[in-house]
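Below is a note for a colleague who is meeting this structure for the first time. Please keep the sequence and the model at hand while reading the numbered points.

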Amino acid sequence: MKAMLVDDNKNLIWSDVPNPIIKEDEVLVKIYAAALNRADLLQREGKYPSPECCPPWMGLEISGEIVEIGKKVTNWKIGDKVCALLGGGGYAEYVAVKYDMLMPIPKGISMEEAAALPEAYATSYLNLFIEGHLEKGQTAFIPAGASGLASVAIPIAKAFGARVITSVLSDEIAEKIKPLGADVIINSSTESVEEILAEEEKNGTPVNVSMDCLSGETLGKSLSYMARGGYWIVISTLAGIETNVQLRPLLTKGLHLVGSMLRNRTPEFKAYILSELVKNVWPKIENGEIKPSIYKVLPIEKAEEAHAILYRSGNIGKVVLKVIK
């Protein structure tokens, strides 16, 4: 089969590799599409390698069809259309997947849309509801509103009854992300995030949960304006790895500053998150309350072009690579 390898010059090369050999508790999936994540860029640069048990090439979420089943797998059958969460290996024609890392494709969506579900939806669900304990009527702050992850997290939070604040870099981007449904969109190039969050607290709508992929200085400046008992979840540090935190509000308000990564969770916990998605989120996708946001679909041979979109932050929604011709 073929998979997308990275050469010594960091170029992406569609190359011949050995076919996967499945274990007794795995299935073989013929990949239809693979969605991109910023972790793919880090892996390409040598900063975020696949776990030892996974293929070395990129790809954390895919859709496809089961073509082979291990002896111990009883809840899936050959021909089932599935999407899957992977530790790596999605940029390829086939991948071996443990049975509990698979999910059925929600009714009414395309295979390209299905490929964009597992990683982004699992990350959003983990950090908003499991780590952040977000409840109906509360306020969520989800920075970087134009990112592929925010294009998932904002609609999920809204579908579960939360009020959502997000931030972008321009009025033009703010206009483009309006369909996601955020209640407040901050232009952080001309407005102060912390001042607006302070105003929200003054108006009785303080942030209960922040799912923060930016971090940096804004985190420390904003944390003290959270609701009592609030959860600020750090999932990445794209805006900087250092900040100054005022400890007094952390103490008096009982705030929670939490670091969270999906990748380092146990397989059992990841399986739990996926089961929660199927139970709680899939029905909202099927009835139209939540719709996957796809920015662009490109053939796998144009992976360089797809990566370039993420490198320049040119997407609003997910970028997907189509493997099957």
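Predicted model: local features only at pLDDT ≥ 70, side-chain atom pairs only at ≥ 80, totals over all residues.

**Notes on the model**

1. Phe269 is partly exposed, at a relative accessible area of 26%, where buried means under 20% relative accessible area, exposed over 50% and partly exposed in between, computed with a 1.4 Å probe on protein chains only. Tyr272 likewise counts as partly exposed, at 39% relative accessibility. Both residues belong to helix 9 (residues 267-286), and because they are three residues apart there, about one helical turn separates them; helices (H or I, at least four residues) and strands (E, at least two) are DSSP runs, numbered from the N terminus.

2. Residues are numbered from 1 along each chain as its sequence is written, and side-chain values use heavy atoms, with hydrogens and water left out.

3. The structure holds four aromatic pairs, a pair being rings of Phe, Tyr and Trp (its six-membered ring) whose centres lie within 6.5 Å, with planes under 30 degrees apart counted as stacked, over 60 as edge-to-face and the rest as tilted. One of them joins Phe141 and Trp232, whose ring centres are 5.9 Å apart and whose planes stand at 65 degrees, so this pair is edge-to-face. Since Phe141 lies in strand 8 and Trp232 in strand 12, the pair ties together parts that are 91 residues apart in sequence. Phe269 and Tyr272 also pair, with centres 5.9 Å apart and planes at 35 degrees, so this pair is tilted. Phe141 counts as buried at 2% relative accessibility, and Trp232 is buried too, with a relative accessible area of 0%. Elsewhere, Tyr125, Phe129 and Phe160 form one aromatic cluster.

4. Which order do the strands of the six-stranded open sheet follow? The order is 10-9-8-11-12-13, and the pairing is parallel; two strands pair if DSSP finds at least two bridges between them. Strand 10 (184-187) and strand 13 (256-259) stand at the edges, each with a single partner strand, so one side of each has no neighbour in the sheet. On average, neighbouring strands of this sheet are turned by 15 degrees against each other, direction ignored, with axes taken as lines fitted to C-alpha atoms, for helices over the stretch in contact, and angles running from 0 to 180 degrees between N-to-C directions. Strand 12 (residues 226-234) is joined to strand 13 by four bridges, and Trp232 has Leu257 as its bridge partner in strand 13.

5. Strand 3 (residues 26-35) is mostly covered, as nine of its ten residues are buried. Antiparallel pairing links strand 3 with strand 4 (residues 61-69) over seven bridges, with strand 6 (residues 94-98) over five bridges, and with strand 15 (residues 318-322) over three bridges. Individual bridge partners include Ser63 in strand 4 for Ala33, Val95 in strand 6 for Val29, and Leu321 in strand 15 for Ala34.

6. Gln138 sits in the loop between helix 3 (118-131) and strand 8 (139-142). A polar atom of the Gln138 side chain lies 3.0 Å from the backbone nitrogen of Glu135. Leaving aside residues up to four places away in sequence, Gln138 touches His133, Ala162, Arg163 and Asn208, contact meaning heavy atoms within 4.5 Å.

7. Ala144 is not a glycine, and yet its phi is positive, at about 60 degrees. Ala144 lies in the loop between strand 8 and helix 4 (150-159) and is buried, with a relative accessible area of 18%. Ser215, again not a glycine, has a positive phi of about 60 degrees; Ser215 is found in the loop between strand 11 (207-212) and helix 7 (217-222) and is buried, at 6%.

8. How many disulfides does a search of the whole structure find? The search finds zero, a disulfide being a pair of cysteine sulfur atoms within 2.5 Å. For Cys83, the closest cysteine sulfur is that of Cys54, 17 Å away, which is too far for a bond. Cys83 counts as buried at 0% relative accessibility, and Cys213 counts as buried at 10%.

Key
Polar contact = N/O pair within 3.5 Å; in protein donor to acceptor, adjacent residues only side chain to side chain.
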